[in-house]
Amino acid sequence: MTPAIPTPSPGPLAMALFGALILALLAGAHAELPGCKIRITSKALELVKQEGLRFLEQELETVTIPDLRGSEGHFFYNISEKVYEFLSTFITSGMRFLLNQQICPVLYHAGTVLLNSLLDTVPVRSAVDELVGIDYSLLKDPVASTSNLDMEFRGAFYPLTEANWSLSNRAVEPQLQEEERMVYVAFSEFFFDSAMESYFRAGALKLSLVGDKVPHDLDMVLRASYFGSIVLMSPAVIDSPLKLELRVMEPPRCTIKPSGTTVSVTASVTIALVPPNQPEVQLSSMIMDARLSAKMALRGKALRTQLDLRRFRIYSNQSALESLALIPLQTPLKTLLQIAVMPMLNERTWRGVQIPLPEGIDFVREVVTNHAGFLTIGADLHFAKGLREVIEKNRPADTRDPRTSSAPPPSTAAV
């Protein structure tokens with residue numbers, strides 16, 4: 001009888017590989033989706049290369065090689081800097097060593113400073129205003145191809161008072177396919193939703209108008225609408241200032257479609273009288289649904305948004321009969337939103353939020369394209385500042401000679 005061959009048990013290496021595979025699959029299943037993507041095309045890289053070469057030329061202009069004078073036996077020589085190029089084919093190994101001592105460290109330093117200075121100007125996690133900040137952390141290493149450099153950013157806003165808070169990203173992942181422009185930036189619905197939820201959590205999405213702040217025509221309409229309730233109150237309350245309060249009830253949501261971008265808002269509207277030194281007297285409370293259209297644009301390095309009121313309705317959460325009674329207020333309240341609320345919103349959204357590009361580089365000739373769940377903006381680049389200006393602005397306080405310890409050991413080979 002043939003003896004049974006025992007089945008070998010998996011070794012430690014196999015178990016380790018299996019465990020690593022499981023961890024990799026789990027990590028992939030919970031990988032964070034980007035809210036913002038940026039593609040740098042070969043056209044932009046060519047522009048940056050030309051600007052970098054211009055910078056290096058400026059650096060080389062500052063290199064001074066002393067004249068060579070001396071003698072060897074009865075032979076006397078005096079070689080000035082201007083004739084180095086003419087004599088380049090006859091330069092001895094000693095002269096090559098001298099050139100490497102003088103020029104190669106400068107080139108190394110210039111390139112290093114150029115790269116670090118540009119990267120130092122890219123905002124990663126910074127305040128947008130006094131209420132919210134933006135997180136542009138890279139989610140993974142940039143992916144380079146023969147024609148593009150693609151980067152994925154978290155692209156998430158957060159309240160400054162809750163720096164560790166984050167919104168779960170369940171939006172469609174933005175995609176970049178175009179290559180005609182120098183740069184393409186893609187934003188998902190998550191990017192805008194996190195902004196609106198951050199402002200909501202920061203308590204910014206509310207408005208209170210009291211007394212003279214309420215437009216006169218609207219004040220008259222509201223008092224006439226609730227005359228039956230007001231006339232039964234005491235004289236001290238009847239003539240007291242009117243208060244109109246709008247408070248967003250839940251974070252607004254952004255919807256991006258090929259046809260356009262909309263923002264849906266649900267808010268409570270409270271109308272009350274505010275007698276001096278007495279508790280306010282509520283006249284009515286209603287729900288407001290509004291839909292805003294949003295147009296995006298890039299100006300400089302800022303993503304700006306222009307909002308426009310498209311749809312508006314008010315209704316009571318108490319009864320259908322009360323909702324019918326609110327119909328006369330529909331038009332004056334919509335007018336209030338258009339003349340008082342929308343300008344305040346646009347003043348804030350038009351300030352924009354910075355896109356993660358180095359200082360001194362701006363977007364020009366942008367084109368916005370809407371997709372299902374995300375939008376892309378293609379643009380060309382413009383150097384608003386020279387690289388030298390950017391580097392000088394960000395140069396550290398230590399101004400020691402760049403050709404000393406900051407450079408690598410000089411090589412004995414020719415440049």
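Predicted model: local features only at pLDDT ≥ 70, side-chain atom pairs only at ≥ 80, totals over all residues.
Okay, a definition to start: a residue is called buried when its relative accessible area is under 20%, exposed when over 50%, and partly exposed in between, using a 1.4 Å probe and protein chains only. On that basis, 38% of the 415 residues in this protein are buried.

Residues are numbered from 1 along each chain as its sequence is written, and side-chain values use heavy atoms, with hydrogens and water left out.

So, the overall picture. There are eleven helices and 18 strands; these are DSSP runs numbered from the N terminus, helices being H or I with at least four residues and strands being E with at least two. Take the contacts (heavy atoms within 4.5 Å) between residues at least 6 apart in sequence: 69% of them join residues at least 24 apart. The accessible surface is about 24000 Å², and carbon and sulfur atoms hold 59% of that; the areas come from the Shrake-Rupley method with a 1.4 Å probe, and for residues only the protein chains shown count as cover.

Now the sheets. Two strands pair here if DSSP finds at least two bridges between them. Angles run from 0 to 180 degrees between N-to-C directions, with axes fitted to C-alpha atoms, for helices over the stretch in contact.

At the E6 end, a hairpin of three residues links E6 to E7. Those two strands share two antiparallel bridges, and valine 143 sits opposite aspartate 150 in E7. Further along, six bridges join E1 (residues 36–41) to E7 (residues 148–153), again antiparallel, and lysine 37 faces glutamate 152 in E7.

There's also an open sheet of three strands, ordered E4-E5-E8 and antiparallel. From one strand to the next, the twist averages 25 degrees. E5 (residues 132–135) is joined to E8 by four bridges, with aspartate 135 opposite alanine 156 in E8. And H5 (residues 189–201) turns up here too, lying across E5 and E8 at about 5 degrees to E8.

Last stop, the largest pocket, with a volume of about 1000 Å³. A pocket, on a 1 Å grid over the protein atoms alone, is an open set of points where a 1.4 Å probe fits, with protein on both sides within 12 Å along at least five of seven lines; lining residues have an atom within 4 Å of a point. The volume is the space filled by probe spheres set on the points, which are joined across faces, edges and corners. Of its 39 lining residues, Leu205, Leu307, Leu345, Arg348 and Thr349 are closest to the centre. Which helix gives the most to the lining? That's H10, with seven residues. H5 is also among the elements supplying at least two.
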